[in-house]
Amino acid sequence: MEIGQQVKVCRLRDRVSPLIVKRLGKIGTVKGFKMLDGSNVGVVVQFEDQFATWFFEDELKVMQ
């Protein structure tokens with residue numbers, strides 16, 4: 001995954017707020033990365049409405 005790529009939220013690992021659940025199936029743009037616990041990296045995704053949050057890589061699918 002690279003900054004600027006379009007990605008689709010295809011699953012959610014954990015329980016999250018309804019605001020995040022609404023993003024399931026939506027497409028956004030990778031804006032950056034976030035160190036989580038020293039061994040995992042999160043992907044920061046921004047959506048059309050300018051809302052941004054992070055996801056685990058396996059929750060996202062790169063759009064071609």
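Trp54 is partly exposed, at a relative accessible area of 32% (buried means under 20%, exposed over 50%, and partly exposed in between, with a 1.4 Å probe and protein chains only). Keep in mind that this is a predicted model: local features need pLDDT of at least 70, side-chain atom pairs count only at pLDDT 80 or more, and totals for chains, interfaces and linings use all residues. Residues are numbered from 1 along each chain as its sequence is written, and side-chain values use heavy atoms, leaving out hydrogens and water.

**Aromatic pairs**

- There are two aromatic pairs (rings of Phe, Tyr and Trp, the last by its six-membered ring, pair if their centres lie within 6.5 Å; planes under 30 degrees apart are stacked, over 60 edge-to-face, and the rest tilted).
- Phe47 and Phe55 have ring centres 6.3 Å apart and planes at 85 degrees, so this pair is edge-to-face.
- Phe47 is buried at 5% relative accessible area, and Phe55 is buried too, at 2%.
- Trp54 teams up with Phe56: their ring centres are 5.1 Å apart and their planes sit at 85 degrees, so they are edge-to-face.
- Phe56 is buried, with a relative accessible area of 12%, whereas Trp54 is partly exposed.

**Salt bridges**

- You'll find three salt bridges here (each one a side-chain nitrogen of Lys or Arg within 4 Å of a carboxyl oxygen of Asp or Glu).
- Asp58 is in the loop between β4 (52–56) and β5 (60–62) and Arg11 in the loop between β1 (6–9) and α1 (18–21), so the pair ties together parts 47 residues apart in sequence (helices are DSSP runs of H or I with at least four residues, strands are E runs of at least two, and both are numbered from the N terminus).
- Asp58 also meets Arg13 in a salt bridge, at 3.3 Å from N to O.
- That pair links distant parts of the chain, 45 residues apart, with Arg13 in the loop between β1 and α1.
- Put together, Arg11, Arg13 and Asp58 form a network of salt bridges.
- How exposed is Asp58? Asp58 is partly exposed at 36%, while Arg11 and Arg13 are partly exposed with 39% each.
- Asp49 and Arg23 make another salt bridge, at 3.0 Å from N to O.
- Asp49 lies in the loop between β3 (41–46) and β4 and Arg23 in the loop between α1 and β2 (27–35), so the pair ties together parts 26 residues apart in sequence.
- Arg23 counts as buried at 8% relative accessibility, but Asp49 is partly exposed at 48%.

- Phe33 lies in strand β2 and counts as partly exposed, at 41% relative accessibility.
- Leaving aside neighbours within four places in sequence, Phe33 is in contact with residues including Met1, Ile3 and Val41 (contact means heavy atoms within 4.5 Å).
- The C-alpha atoms of Phe33 and Val45 are 8.8 Å apart, and the two residues are twelve apart along the chain.

**Confidence**

- The protein chain has a mean pLDDT of 93, and 100% of its residues reach 70 or more (pLDDT is the predictor's confidence in each residue, from 0 to 100).
- Confidence is lowest in α1, with a mean of 91, and highest in β1, at 98.
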